[in-house]
Amino acid sequence: MRSFYHYMMRYRGNRKNNEEKRLADWMFEDHSFPKQAKSYDEISRYLEWNIPFPSALSVFDRLYETYKLDEE
């Protein structure tokens, strides 16, 4: 199973400037983001401490569900 970071890179470069792209771009630019993480808890803890924008946690929750379904 690939990491959540790797999964999110599909949203970088989207023509639409939506929250998914915003989160993916932030993850790419944040050199401390846990790029190998697959665990919901590890990623959500990191986001809680380093929240890039107000709705980032809800965007993450939604995308993590999709990630889990796609990666199983």
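Two residues are in contact when heavy atoms of theirs lie within 4.5 Å of each other. The model discussed here is predicted.

**Overall build**

The protein chain has four helices and zero strands, and along the sequence its pattern reads α-α-α-α. Its radius of gyration is 11 Å, close to the 11 Å that the globule rule gives for 72 residues, so the chain is as compact as a globular protein of that length. Along the principal axes, the C-alpha atoms fill a box of roughly 30 × 25 × 20 Å.

Of the 72 residues in the chain, 40% are buried. The chain exposes about 4600 Å², and carbon and sulfur atoms supply 48% of this area. Among contacts with a separation of 6 or more, 53% are between residues 24 or more positions apart.

**Helix 2 and its partners**

Which residues of helix 2 are buried? They are Glu20, Lys21, Leu23, Ala24, Asp25, Trp26 and Met27. These buried residues pack against helix 1 (4-8), helix 3 and helix 4. Phe28 takes part in a contact of another kind: the charged end of Arg12 sits over the ring of Phe28, 3.7 Å from the ring centre.

**Aromatic pairs**

The whole structure holds 14 aromatic pairs. Two of them are set out in the table.

| Pair | Distance between ring centres | Angle between planes | Arrangement |
|---|---|---|---|
| Phe33 and Tyr46 | 5.5 Å | 85° | edge-to-face |
| Phe60 and Tyr64 | 5.5 Å | 50° | tilted |

Why is the pair of Phe33 and Tyr46 edge-to-face? Planes over 60 degrees apart count as edge-to-face, and the planes of these two rings are at 85°, so the pair falls in that class. Phe33 lies in the loop between helix 2 (19-29) and helix 3 (40-49), while Tyr46 lies in helix 3, so the pair ties together parts that are 13 residues apart in sequence. Both Phe33 and Tyr46 are buried.

Phe60 and Tyr64 sit in helix 4 (residues 56-71); because they are four residues apart there, about one helical turn separates them. Phe60 has a relative accessible area of 0% and is buried. Tyr64 is also buried, with a relative accessible area of 6%. Both residues belong to an aromatic cluster formed by Phe4, Tyr7, Tyr11, Tyr40, Phe60, Tyr64 and Tyr67.

**Two further residues of helix 4**

Ser58 is found in helix 4. Is Ser58 buried or partly exposed? With a relative accessible area of 44%, Ser58 is partly exposed. A polar atom of the Ser58 side chain lies 2.9 Å from the backbone oxygen of Ser55. From Ser58 to Met1 the distance is 23 Å in space, C-alpha to C-alpha, and 57 residues in sequence.

Glu71 is likewise found in helix 4. Residues under 20% relative accessible area count as buried, and Glu71, at 19%, is therefore buried. Which residues does Glu71 contact, leaving aside its neighbours within four places in sequence? They are Met1, Arg2 and Tyr7. With Arg2 there is a polar contact between the two side chains, at 2.6 Å. Tyr7, another contact of Glu71, is one of the members of the aromatic cluster.

Methods
Residues numbered from 1 in each chain as written. Predicted model: local features only at pLDDT ≥ 70, side-chain atom pairs only at ≥ 80, totals over all residues. Heavy atoms only, no water. Phe/Tyr/Trp six-rings, centres within 6.5 Å; stacked < 30°, edge-to-face > 60°. Helix = DSSP H or I, 4+ residues; strand = E, 2+ residues; numbered from the N terminus. Buried < 20%, exposed > 50% of the residue type's maximum accessible area, 1.4 Å probe, protein only. Lys NZ or Arg CZ within 6 Å of the ring centre and 35° of its normal. Rg over C-alpha atoms; globule rule 2.2 N^0.38 Å. Areas by Shrake-Rupley, 256 points an atom, 1.4 Å probe, with all protein chains shown as cover. Polar contact = N/O pair within 3.5 Å; in protein donor to acceptor, adjacent residues only side chain to side chain.
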